[in-house]
Every structure is written in structure tokens, then in C-alpha cells.
Amino acid sequence: MSGETFGSMLRRFRTSRVGRVKANRYGSEHCILSQNELAQRAEIDPAYVNRLEMERPTGRRSEPSLPSRAVVESLSRALHLSPIDRDRMLIAAGYWPWPDQAEDVELALAIVHGALEGERRSSRC
């Protein structure tokens, strides 16, 4: 699962969960958790869940936007993820999973990322 994007990870976790039980003529049928149900549980817009899973750019951005830390945590709670899977979601969204150290580590990672991007650009010349 290394290299898995946030959107594909979210979709995998959502589709592995049971959503509403629907009655049919044979009794009842369990359905996968829908994007709408997940959005209701996480208290976010269903269209946003769709954009996250489909990895669509928002606004004028050319790349898909990643959710805020609060949204990732809300989705993790709504999906009843284990602490390990919650941490995987946070990492896939670009966050350090341990909040007491998050600010310092995220700042350091942003600095390193910026430096690596600068090196990559200069090596293309």
C-alpha cells in the first residue's frame, strides 16, 4: 500500500465499510458505505468526499487539493479507523500523525520539500 494516494485510500476504507441496511424481498441486504453516508457521519459536504476520492482539482488548482487535518480526523472517526489506519490517512494527506510534534515536524518537512523542489528545478537546466 506504499505510494497509495489519499483519494484511493479513502475510497478503499469507505468501500470496505457497511452502510445502511436495505430491505429486499429476501430479507435485508448490506450495502457499502456511500459517499453521502460518510459525509453525513463526518459532517462534511458529500461533494467534497467525491472530489477527495476522485482526486479532482478544486478551484484554480491544477493538482487535487488535500483535506485539512481536521477533515482527515473527522473522516477517520466516521470510518471507525484503527489508530494505525488513521495515521496512514494523515500521512497520505501530508500530515505528521502525532499532533504534539506536528507543527515542528511539518515545518521541517516543508523546508526539506522546498529545498528538494529547488534542486529538481535547477537540475533540469
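Colleague: What pattern does the protein chain follow, read along the sequence?
Modeller: The pattern is α-β-β-α-α-α-α-α, with 6 helices and 2 strands in the protein chain. Helices (H or I, at least four residues) and strands (E, at least two) are DSSP runs, numbered from the N terminus. This is a predicted model, in which local features need pLDDT of at least 70 and side-chain atom pairs count only at pLDDT 80 or more, while totals for chains, interfaces and linings use all residues. Residues are numbered from 1 along each chain as its sequence is written, and side-chain values use heavy atoms, with hydrogens and water left out.

Colleague: How much of the protein chain counts as buried?
Modeller: 34% of its 125 residues. Buried means under 20% relative accessible area, exposed over 50%, and partly exposed in between (1.4 Å probe, protein chains only).

Colleague: Which residues have the most contacts inside the largest nonpolar core?
Modeller: Phe 6, Leu 10, Leu 38, Ile 44, Leu 75 and Met 89, in a core of 22 residues. A nonpolar core is a set of buried Ala, Val, Leu, Ile, Met, Phe, Trp, Tyr and Cys residues joined through side-chain atoms within 4.5 Å.

Colleague: And which helices each supply at least two residues of this core?
Modeller: H1 (6–15), H2 (35–42), H3 (46–54), H4 (69–78) and H5 (83–92).

Colleague: What does Met 89 touch?
Modeller: Leaving out residues up to four places away in sequence, Met 89 touches Phe 6, Met 9, Leu 10, Phe 13, Val 72, Leu 75, Ser 76 and Leu 81. Contact means heavy atoms within 4.5 Å.

Colleague: Back to H4. Why is H4 described as largely enclosed by the rest of the structure?
Modeller: Because 7 of the 10 residues of H4 are buried. They are Arg 69, Val 71, Val 72, Ser 74, Leu 75, Ser 76 and Ala 78.

Colleague: What about phi just after H4?
Modeller: His 80 takes a positive phi there, about 55°. Most residues other than glycine have a negative phi. His 80 sits in the loop between H4 and H5 and is exposed, with a relative accessible area of 64%.

Colleague: And just after H2, which residue takes a positive phi?
Modeller: Glu 43, with phi of about 60°. Glu 43 is in the loop between H2 and H3, and its relative accessible area of 73% makes it exposed. Within H2, the buried residues are Gln 35, Glu 37, Leu 38, Ala 39 and Ala 42.

Colleague: Changing topic, how much space lies in the largest pocket?
Modeller: About 260 Å³. Of its 12 lining residues, Leu 66, Ala 93, Gly 94, Tyr 95 and His 113 are the closest to the centre. On a 1 Å grid over the protein atoms alone, a pocket is an open set of points where a 1.4 Å probe fits, with protein on both sides within 12 Å along at least five of seven lines; lining residues have an atom within 4 Å of a point. The volume is the space filled by probe spheres set on the points, which are joined across faces, edges and corners.

Colleague: Which helix gives the most to the lining?
Modeller: H6 (residues 99–123), with 4 residues.
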